[in-house]
Amino acid sequence: MSDPPKRAEEASSGGWWRRFADRLATGRKAYVADLQELLGRPALDEQFFEDLEGTLLSADVGAATTERTLRRLRAEAASAHLRSPTDALHYLKQAFLQEMQRMDRSLRLDGQPAVVLVVGVNGSGKTTTVAKLAHLLGQSGRRPLIAAADTYRAAAIDQLKLWGERAETPVIAHQPGSDPGAVAYDAIQAARARGSDVVLVDTAGRLHTRVDLMDELRKIQRVIQRHDPAAPQEVLAVLDAHIGQNSAQQVKHFGDAVRLTGLVVTKMDGSARAGVVLSIEEDLQVPTKLVGIGESLDDLNFFDPARYLDALLGL
Amino acid sequence: MFETLTERLDAALKKLTGRGKLSEADVDAGLREVRLALLEADVNYKVARDFVARIRQRAVGAEVLDSLTPGQQLIKVVRDELVELLGRERAPFTYAPSPPTVIILAGLQGSGKTTTAGKLALYVRREGHRPLLVSTDVRRPAAMEQLEVLAGSLSLPAFAPRGQEPVAIARQALDEARRVNADLILLDTAGRLQMDPELLAELAAMVAAVPAQHRLLVLDAMTGQEAVNVTTSFQQAVSLTGVILTKLDGDARGGAALSLRAVTHCPIQFVGVGEKLTDFEPFHPARMASRILGMGDVLTLIEKAQEQVDVGAAEKVEKRLREGQFTLTDFMEQLKQVKKMGPLEGIIGMLPGGGRLKELGGALPSDGQLRQMEAIILSMTPPERERPDIIDGSRRRRIARGSGTDVSQVNRLLKGFAQMQQLVKQMGKGRGNLGGLPIDPRQLIG
């Protein structure tokens, strides 16, 4: 590609992450107590591994990844590199981090306009994410525009219009029940006419097992590509942090239908830790790019693997 | 990704078959697979641990160890225990002796409360009640509009006054119900995180203000390990009377059902199985147990087939199959039957091992493709349907135009049908119960 891709900058400072940590902390007291007990142990005994297994499983890391992790950790412990639980957890963080840092987590927003297609199962938080992303991009000097391509769910268009007002972002909408591809296309035309440089396309929630609805998504992508073969520059799958191992299935199926470029994990302000993203990133090679931690407009930010792992492992 | 538990247990216990009897160590190897299956199904890890410990006690007893088919016996024990935990018999949904019956729906954001409110309203109306749909969700933008639209589509009254506090709305709903002559009030509430004490207190205040027979948690069937924490918090706030599991139409194994049962012991009343308002069913513990274990849901499949398939039509087709007389008209009859059963992938998901079959996803014809095949056949004249060999080039072009397809699609269908007819003729000569089984229509589309 001739143009170097523009990167959206991390909009806000450490304040947001502190809030993130605070909110996680309130929900994690018991969890952290478990972990500190882990750290307090003098040696890497059997109890340590058992407790660590429980910690990872309860964070939705999943049985397979947990087993793999423990096997690796035991091997390292045996070769005497790791003496204390603290060593072990830091080793674990570094091991995960090394994997995660290989991925490019920036948003690619080159294009006139750039198009971001937002997909996901019902109730994952797509509409809210679109509004928050519009706000985040607006903060970093972008001129976003929203396409209300969820024409299926009752009152979805009204919901997005209200969010658009809050985010001070124009919303392009058709009638309920109209063709979602046509909405996306019109929005791109409107963006060109108004000088908007990013179009955020909200789509109807759909379960990943619905072949017909996956086809519909393909079609929306095709319509967008008619405007620019490189578009959509980003296709983001929105995952609810409370969902367990099924998230991996979601990403797999959505990835088969459209060209997924990243994940948004929402509702991270609860006690859910969404450990399933570890195996999704490793097995399916889709990076987590954004996290949502609440209901207000500025509760969305870029994903930072190191801080995420600290929260996950209680470091 | 998911193998069936039966397959995995068989693999784990295979090496033992020669020896006939299982040792305790063998049982532990098998139970390891059970535990992994439960974890993959998102059963809370503590619940899974306790569960496996209980199974072990039973499994090392004579009932399994002395059995000739220990693998199957072990599964039976696991399944029985699961059913036991899930509630054995399904709990009847009861109504207040003196109206109105009040139902409160609570849950996390995005769990499907509003859609469920619509589905439950339709359900109780079919049971002869007159529901009033009430939205107390003053937080999510357009939540009230969404409920009004749903109520409107069902021609049911809705009550969603703007600019009021949730508890006040709940109180006024009692008067509104009298005014519109409703005998049942369905209160939809705002989504809230289980660790938001303020909102949980609001929910408790609502329950205190309006005594509700049913305080139901609406939970996404795909929920992971958090299901326990979520349920516990709501349980403490409003003392739940039941649960509705949503989005069970996907491929979620639904381990959350087990987790929340273990914590609350309150019954799972209903499950949501699709986007349409009719996609709502009473909960069946035995079926859920099979699903969690990846054993398929044959019972629901059979029921669905009985409900939807026209037995007379199926018998007619079977007869024609046996006689080697299968025509495009018969084929279309089959397509109609298949379409009535709902999306194919949903049906396959109910079959044992269906979890893996589903990986074939793309190979199955979608509803749209089924419709396309039907359109092509409908664009043929009756003689053409009986004797496809008369369909020449110009007829093909006409059929393509008439069905909104192109000639290559018509060709593909005709070619595939010819192969199928050949196959049917061969089967007709031999014998075999073809039943009402739909012929695999995959080769006919592209």
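**Entry 1: two cis peptide bonds**

I started at P100(B), which I found in the loop between α5 (70-86) and β1 (101-106) of chain B. The peptide bond leading from P99(B) to P100(B) is cis, and its omega is near 5 degrees. I keep in mind that this is a predicted model. In chain A I looked up another cis peptide bond, the one that joins A231(A) and P232(A), with an omega of about -10 degrees. P232(A) also sits in a loop, here between α9 (211-227) and β5 (234-240) of chain A.

**Entry 2: positive phi values**

I then turned to backbone angles and noted that A155(A), a residue other than glycine, has a positive phi near 65 degrees. I placed A155(A) in the loop between β2 (144-149) and α7 (156-166) of chain A. Is A155(A) buried or exposed? Its relative accessibility is 12%, so A155(A) counts as buried, the limit being under 20%.

H265(B) is not a glycine either, yet its phi is positive at about 60 degrees. This residue belongs to the loop between α11 (255-264) and β7 (268-272) of chain B. With a relative accessibility of 57%, H265(B) counts as exposed, because that term applies over 50%.

**Entry 3: chain B as a whole, and one histidine**

For chain B I wrote down 21 helices and eight strands, and of its 446 residues 54% count as buried.

**Entry 4: an enclosed helix**

Helix α12 (residues 285-292) of chain B has six of its eight residues buried, so it is largely enclosed by the rest of the structure. The buried residues that I listed in α12(B) are P285(B), R287(B), M288(B), A289(B), S290(B) and I292(B). Just after α12(B), G294(B) takes a positive phi of about 70 degrees.

**Entry 5: a helix pair in chain A**

How do α4(A) and α5(A) cross? The axes of helix α4 (residues 63-78) and helix α5 (residues 85-100) of chain A come within 11 Å and cross at roughly 125 degrees, which makes α4(A) oblique to α5(A). The crossing is right-handed. From α4(A) the contact uses T69(A), R72(A), L73(A) and E76(A), and from α5(A) it uses A88(A), Y91(A), L92(A), A95(A) and F96(A). By class, I recorded six nonpolar, one polar and two charged residues in this contact.

Technical notes: Residues numbered from 1 in each chain as written. Chains lettered and ligands numbered in written order. Predicted model: local features only at pLDDT ≥ 70, side-chain atom pairs only at ≥ 80, totals over all residues. Heavy atoms only, no water. Helix = DSSP H or I, 4+ residues; strand = E, 2+ residues; numbered from the N terminus. Buried < 20%, exposed > 50% of the residue type's maximum accessible area, 1.4 Å probe, protein only. Axes fitted to C-alpha atoms, helices over the stretch in contact; angles between N-to-C directions. Parallel < 35°, antiparallel > 145°, perpendicular 65-115°, else oblique. Left-handed = near helix turned anticlockwise from the far one by under 90°. Contact = heavy atoms within 4.5 Å. Nonpolar A, V, L, I, M, F, W, Y, C, P; charged D, E, K, R; others polar.
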